[in-house]
Amino acid sequence: MSTAGPDFSALLARRTQRMQRSAIREILKVTEDPEIISFAGGLPNPRTFPVADVAEAAAKVLREAGTSALQYATTEGYRPLREFIARRYWEKQQLRIDPDEILITNGSQQGLDLLGKVLLDAGDPVLLERPAYLGAIQAFSSYEPKFSAVTLEDDGPNLAELEAALDRQRPKLFYTVPNFQNPSGLSYSAAKREVVGRLCGQRPVVLVQDDPYGELRFRGEPLPSLKHHCPSCVLLGSFSKVVAPGLRLGWICAPRQLMDLMVTAKQGVDLHSNYFSQRVVHQHLLDHDLDTHIAMVRALYGRQCDAMVAAIKKHFPADVKSSEPDGGMFLWVRLPEGVSVMELFKVAIARKVAFVPGSAFFIDADDRHLRLNFSNSDEARIDEGMRRLGEAIRQVRVG
Ligand SMILES: Cc1ncc(COP(=O)(O)O)c(C=O)c1O
C-alpha cells in the first residue's frame, strides 16, 4: 500500500498554490542535530519563562474561578486582560486605546491572518518592508495579494520609495515592524516614524505596526509609535516575547469597523482564543510586575547581543557587515559581493552551525543576507558559533 495516501490535487483550493511552508521551519528540521549550534530559530530564551509563576497563577485561577475558567467565552477576549493591555499602552506609549478596540488573538500571528481576511481580495496590493517578516508574507499570501516592498534602510524605510509605492500601487495595507524588526533588528528613527505616519495618514491605506519586540530594548530611549502620527494605525502586540510564546496570546488593536469585522472573522476560525490561557496570563500579570520581568529579559538579551557583535568583529572577515541592534532578538548580516548565502548555508551546516538565509524574507531574490538569532544561545556558544561561521565564510570565498 502506498504511504503517500490519496491524492486530492484536483480538489485543492487555488490559494494553496500560493501557500509556502515556512522556510525557517524547514531549516529548523536540518538543525535538529544536537551538534549543530543554531542561530536559525526565532526562539525567546526559555530561561526567561516564568514557569513557577505561571503554575501558581494557573492553580489560583482554577481555585478561584473554577469551572468558569474552563467555559466558552467571548470572542473579543477576557475583558480585564484587554483593560490591562490598554492601560499599558497609556503608561508606556502615551497612547489612548479603548479596551473595546482590542481583540485577543492566538499570538499576533493570528492578527495578521485576520487582517488579511477582512482586507484582502485576490490581486489586492500589499506593501511590505524589504526585507519583511516571513510570517506576515505567509499569512497574507493565503489571500493571494500582489506584494510590493520598500527598502528598509538603517533608520527605516526609504521615504522616496515609500511615497512612490503608496501613490502608484495604492496598497490596501502597509505592514511595518518599526522596532527591532524581524529579520533585520533595524528600527525606524523618530524622524522617519513621523513621515511614515503622515504619508499613510493622508492616504486610504491601513498602516499596520507589528510590535512584538518594542519592549525588548536594551539600549537607548523608546521611540514613539506610528499611531502617534497616524491615528488609524492598527497595532499588533504579543505576550510571546515578554511572557512565553507557548501560551499563544497576542492582540490586535484596530478602529471599531475593522475590529467588528475581525471579531466576526475570528468566530468562524476558533470562536475565541484559549480562555484559560487568558485568565492565567492575566492572573500572572496581576501578581507579578511585568516591568521587573522585562528588565531581566532585556539585560540577558543585551549581553547576548553584545557577545554576538563582539564575536563577529573577532571572527568574521572585516568586509562582512552586521547590524548592531539596540533591542529585539536578531542581527542581520550582509555578505561581501561574490559570497553566496545559499552556498554559505551548506558549508555552515557541514561545520555544524546554522542561520536563516535572508532570501526567506524577500518577496523577490536575495543572496547576500543572513539572519542570526542571539536570544537563545549563551555567550560561549555564540562565540564558538561565530568562529565556525567566520571559517565557513572564508571557505566559501576561497572555494
Ligand atoms: C514581527 C513578528 N510578528 C509576529 C510574530 C508572531 O508572534 P506571536 O504569534 O508569537 O505573537 C513574530 C514572531 O516571531 C514576529 O517576529
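User: What do domain bounds come from, and into which domains is the chain divided?

Analyst: Domain bounds come from an automatic or database domain assignment. Here the chain is divided into domain 1 (18-49 + 292-398) and domain 2 (68-287). The model is predicted: local features need pLDDT of at least 70, side-chain atom pairs count only at pLDDT 80 or more, and totals for chains, interfaces and linings use all residues. Residues are numbered from 1 along each chain as its sequence is written, and side-chain values use heavy atoms, with hydrogens and water left out.

User: How many residues of domain 1 are in contact with domain 2?

Analyst: Contact means heavy atoms within 4.5 Å. In this model, 36 residues of domain 1 are in contact with 34 residues of domain 2. The centres of the two domains, taken over C-alpha atoms, are separated by 25 Å.

User: What is the area buried between domain 1 and domain 2?

Analyst: Buried area is the accessible area (1.4 Å probe) that two parts lose on being put together, summed over both. Between domain 1 and domain 2 it is about 2900 Å², of which carbon and sulfur atoms give 63%. Of the area that domain 1 buries against domain 2, R18, D326 and I363 supply 23%, more than any other three residues.

User: How many salt bridges are there between domain 1 and domain 2, and how many in the whole structure?

Analyst: Side chains of opposite charge can pair when their charged atoms come close. A salt bridge is a side-chain nitrogen of Lys or Arg within 4 Å of a carboxyl oxygen of Asp or Glu. The count between the two domains is three, and a search of the whole structure finds 27. D306 and R219 form a salt bridge through their side chains, with 3.0 Å from N to O. Another joins E163 and R203, whose closest N and O atoms are 3.6 Å apart.

User: In what order do the four strands of the open sheet stand?

Analyst: Strands of a sheet pair through backbone hydrogen bonds, either parallel or antiparallel. Strands (E, at least two residues) are DSSP runs, numbered from the N terminus, and two strands pair if DSSP finds at least two bridges between them. The order in this open sheet is β10-β11-β14-β13, with antiparallel pairing. β10 (321-322) and β13 (356-357) stand at the edges with a single partner strand each, so one side of each is left without a neighbour in the sheet. Two bridges join β13 to the antiparallel strand β14 (residues 369-373), where R371 stands opposite V356.
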